[in-house]
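Student: Could you show me how to read a sheet and a few charged pairs in a model?
Tutor: Gladly; let us look at it together.

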Amino acid sequence: VTSRKNMSLKRIATAVWKGGLMNGSGLISANSKVLSSVPFTVPTRFSDEKGTNPEELIAAAHAGCYSMALSAELGKANLTPESINTSATLKLEKVEPKGWTTTNIHLDVKAKVPGADQAALEKAAKAAKEGCPVSRLLNTDITLNVKLEK
């Protein structure tokens with residue numbers, strides 16, 4: 001991997017929503033085509049109906065990013081993980097007066113790392129939590145560009 005100092009990457013995803021909130025539906029896509037017109041609705045977001053939702057995608061992104069960050073931190077300690085299994089549980093709660101809010105993401109990590117002890121894993125895990133770009137994103141400034149289509 002080449003040095004990425006001063007490098008900028010852009011990842012693009014789109015969502016199209018049609019109809020009212022309760023009876024409408026949406027499609028989520030990513031330029032990579034890994035997600036291509038994946039449907040989502042109020043029931044897939046706020047109940048256990050099968051399908052995806054924005055919060056599930058955030059949790060998946062966080063689990064993936066964190067696993068990579070932990071691998072990098074272990075590498076700094078000359079440790080190579082055999083496997084890292086991260087489960088991210090995002091908690092969405094209705095908080096008054098704000099409404100629906102992500103109040104917590106819990107990362108449950110199981111790692112198989114030859115030559116590591118619990119203390120080394122915990123040190124790397126803490127650094128990974130602080131360095132994971134998605135972890136940092138969850139406390140980021142959000143900018144907005146809105147265009148009305150006719």
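The dialogue below takes up the sheet and then the salt bridges.

Tutor: A word on the ground rules: this is a predicted model, where local features need pLDDT of at least 70, side-chain atom pairs count only at pLDDT 80 or more, and totals for chains, interfaces and linings use all residues. Residues are numbered from 1 along each chain as its sequence is written, and side-chain values use heavy atoms, with hydrogens and water left out.

Student: In what order do the 3 strands of the open sheet lie?
Tutor: In general, strands of a sheet pair through backbone hydrogen bonds, either parallel or antiparallel. Strands here are DSSP runs of E, at least two residues, and helices are runs of H or I, at least four residues, both numbered from the N terminus. Two strands count as paired if DSSP finds at least two bridges between them. In this model the order is β1-β2-β3, with antiparallel pairing. The edge strands, each pairing on one side only, are β1 (13–18) and β3 (38–40). From one strand to the next, the twist averages 25°, an angle between N-to-C directions, on a scale from 0 to 180 degrees, of axes fitted to C-alpha atoms.

Student: How many bridges join β1 to β2?
Tutor: There are 6, and β2 covers residues 25–30.

Student: Now the charges: how many salt bridges does the count come to?
Tutor: Side chains of opposite charge can pair when their charged atoms come close. The rule asks for a side-chain nitrogen of Lys or Arg within 4 Å of a carboxyl oxygen of Asp or Glu. By it, the count comes to 4.

Student: Which residue forms a salt bridge with Lys 76?
Tutor: Glu 73 does, with the closest N and O atoms 3.1 Å apart. Both residues lie in helix α2 (residues 54–76), 3 residues apart, about one turn of the helix. Lys 76 is exposed, at a relative accessible area of 63%; buried means under 20%, exposed over 50%, and partly exposed in between, using a 1.4 Å probe and protein chains only.

Student: Where do Glu 82 and Lys 112 lie?
Tutor: Their salt bridge has its closest N and O atoms 3.8 Å apart. The pair links distant parts of the chain, 30 residues apart: Glu 82 is in the loop between α2 and β4 (83–95), and Lys 112 is in strand β5 (residues 99–112). Glu 82 counts as exposed at 55% relative accessibility, while Lys 112 counts as partly exposed at 47%.
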